[in-house]
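Here is a short tour of a protein model, with the sequence and coordinates to follow along. Please keep both at hand while reading.

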Amino acid sequence: MNAHVRIGDNRIFSLKHAVLVYHEGNRAFATLHEVKSRPDGPPYLCAGQSVTTGFLETLAKGLGASMATEVLPEHVLARTPELIAWWSRARRRLVFFGDGDAKGRNLNGKMYPHPALVFLIHRRELFVRALAEDCRPAANTRLKNAPFWNTDAHGRVCLGSMRVPEDVSVASMAGWENAYFASEFTHPSGAVHLTTYSGGFLGLWSELEGRKHFPARFLADSNQTLQEFVERMG
Amino acid sequence: MFALARRKTPPPSRRFSASDLMAHRSEIGLPLLDEISAEQHFVADDREAIRLAEILVRSGVAITEDWARSERHPIKYLQLTLQRWVSIHGGAAIDRRFDLDLTLSDRLIDYSDGRAPEGTLYLTVDPEGAAFVLLNPTIERLAQAHPRLPSTFFHHFAAALNRWVRVYDYRDADERVDMLRQWYEGEEDADQYELPDVEGCTPKSLKETPLSVKGLRTLRETIVDQQVNVLIESLLGLCLMSQKTKRPEFTEDMGEQLMDSNPPLPCLLAAFSQADAVVGCFDDEGQTAMEVTPQPNLIIPLKLSEPVSIGKAFRTLGVACETLAAASRLIDLMPGNDDGIIGREGVNR
C-alpha cells in the first residue's frame, strides 16, 4: 500500500521518471526512464523508451501549460495557455473606495460611468486598460490607462484580498471582472498618470457622479497598443 | 601466495591478440543514481503534522526510531509511520493482490479548497487499480460440497470486504445493465441494443439463500473435502476480522466536501470468469468513473483535539488492513487465482 501525506501545502515528491537527452551534432533525442528504488540501495533507472509528443504534452500539462478547448465569445481579444484578454463595454458601475482617504469616503458606494475597459489575466495576475471608444479594439488601437487606484502604470492590479476565481477561463472572465469592482480602491499604485482631468483622480470621480457617460478626454494615454499590451505578457 | 614469475620472453611476431579483435567496451550502462535525491520535500506550515506526530508517539502508533530515518522531517515521519503501521497489519499480504493508496490529508478531494474543519485530518484508502478475483472455479468446488455453500461463500466474502472497501460484483453489473436498459427503453430501436448478459453468466447456485456465519460454522463440521474446509476456515477468519470494529461514520463535513463526487472506485473486481459480462460492465463504467472525482473508499477522521480518538482511528485502520490482508490470503487459496498477484520488484515505497 502506497502511503501519502498531504497536509496543507506540505508534499513529498518522489522521483518516478527521468528524461535522458542524447545529442549528436545538432540532432538530439530523448528517452524516458522509470526510476525504481530498492529497499537497501540507491534508486536505479529502468530501460527507457523514446519520448513521444504525447509525453511532452502530458508534461506540459503537468506544468500548467494546458488550456481547455473553449468556444471564444465575441469580446475575447486574445487567448493563450497563459493569458486571456477581453474587453468590456462602457457602462455605469458601482465603485467602492477605501475609507483611508476622507475624500474617497464621500465617493464610496456610488454608481459612476466607466469607459470601455480591456482586462487581461496572465498567470493569475490581473491587468486593466481603458479604451477611448466603446467598441472592440483592433491590434493597433491605442490603450489608455485605467482610471483606477490600485492599478499601476503597466495596468497591473494589486489584488490584495480580492476574491478572484480559481481558474482562468472564458467562464471565469465575468468573475474576475466582478471581483475587481467588488473590491475597494484604496490608493494609487506607484507613479501612474491615471487621468488628464485637471482636478486629479478624486476630482475626476467627484465630477463623474451623476453623469451617464465617461468622458474619454479624461483618459491618460498608456503609450501602448493592444498588440503591445498582450505581447508584453505573452 | 607468491606472484607468478613474469614471462620475460618477447611475444611471438605480433599480429592481433584476441582482445584486439573484441569490440571496445560499451560506455553505455545503467546510469547510477547514488548521488541523486530520490525525494524532494516541499515544506510549508507543518504544525498540524508535528502535533499529529506527537500524539502518535504518545499513543504507541509511531516509534521514535523512525524520526532519524525521516531525517527529522515531520511529513516524512508520518509517511514512515503509515508505512510501518500498514506493514505490521498485513501490508505484504495486501500488496500481493491489492494496489491501494493510503493517504493522510487535511482534505478529502485533492486540489480542492474545501479542507477539513480546523484540527481534523483524514486517513483515506483508495485503489490505484482494482484487484481481481475469479469466482467460478471456487463456486463449482463449493457446490460439490453443499448446494448452499457457493452463495454463502460469495455473500460473506463480499460483505466482509464491502464493509471497508468497494467490491464490484455481479450485483453492480446488474444495476448497470438495468440503468442502460432504462436509457434505451424510450428509443425507437431499443431492441437493437445488446446489453451484457449478467444474468446469463451468474451461476444459479448464487440464488440459494446464504447461511449465516453461525450456520456456516456448523456446516463446516460436516464437510469432508479438505480444500473446501480450508476455504471456509479462511472465510470465517475474514468475517471475524472484518467485524472486529465499526467503520467510522460518514459525517456532515465529509458530505459537504464530497457533495459533487462520484461513487468510490472499486478496490476489487469479483468476476465469474476472465472476460464475462461483469468484467464488461466494469470496463464500461470505468470509462466515466473518473469524470468527477470519486469518493474515497474508506475515510477515517483524526481529530487532533482528541488524542485518544487518534489511537482508536489507527486501530480501525489496522482492522481495515487486516481485513484486506485476510481477503488477499483467501484469494490465494481460491482455485484459478494464480494470475492476480502483483509483481512489486523494485516498486517505489
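Among contacts in chain A between residues at least 6 apart in sequence, what percentage join residues at least 24 apart? The value is 58%, with contact meaning heavy atoms within 4.5 Å.

This is a predicted model, where local features need pLDDT of at least 70, side-chain atom pairs count only at pLDDT 80 or more, and totals for chains, interfaces and linings use all residues. Residues are numbered from 1 along each chain as its sequence is written, chains are lettered from A and ligands numbered from 1 in the order written, and side-chain values use heavy atoms, leaving out hydrogens and water.

Chain A holds 5 helices and 14 strands (DSSP runs, H or I of at least four residues and E of at least two, numbered from the N terminus). Of its 234 residues, 43% are buried (under 20% relative accessible area, 1.4 Å probe, protein chains only).

Helix H5(A), residues 226-233, has Leu226(A), Phe229(A), Val230(A) and Met233(A) buried. Down the helix axis these fall within an arc of 85°, so they line one face. Their cover includes these strands of chain A:

| Strand | Residues |
|---|---|
| S6(A) | residues 76-79 |
| S7(A) | residues 83-88 |
| S10(A) | residues 116-122 |
| S14(A) | residues 221-225 |

In chain B, helix H4 (residues 74-87) packs against helix H14 (residues 307-333) at about 50°, with axes 9 Å apart (lines fitted to C-alpha atoms over the stretch in contact, angles running from 0 to 180 degrees between N-to-C directions). The contact involves Leu82(B), Trp85(B) and Val86(B) of H4(B), and residues of H14(B) including Phe314(B) and Arg315(B).

Terms used: Buried means under 20% relative accessible area, exposed over 50%, partly exposed in between (1.4 Å probe, protein chains only). The arc is that of the directions from the helix axis to the C-beta atoms.
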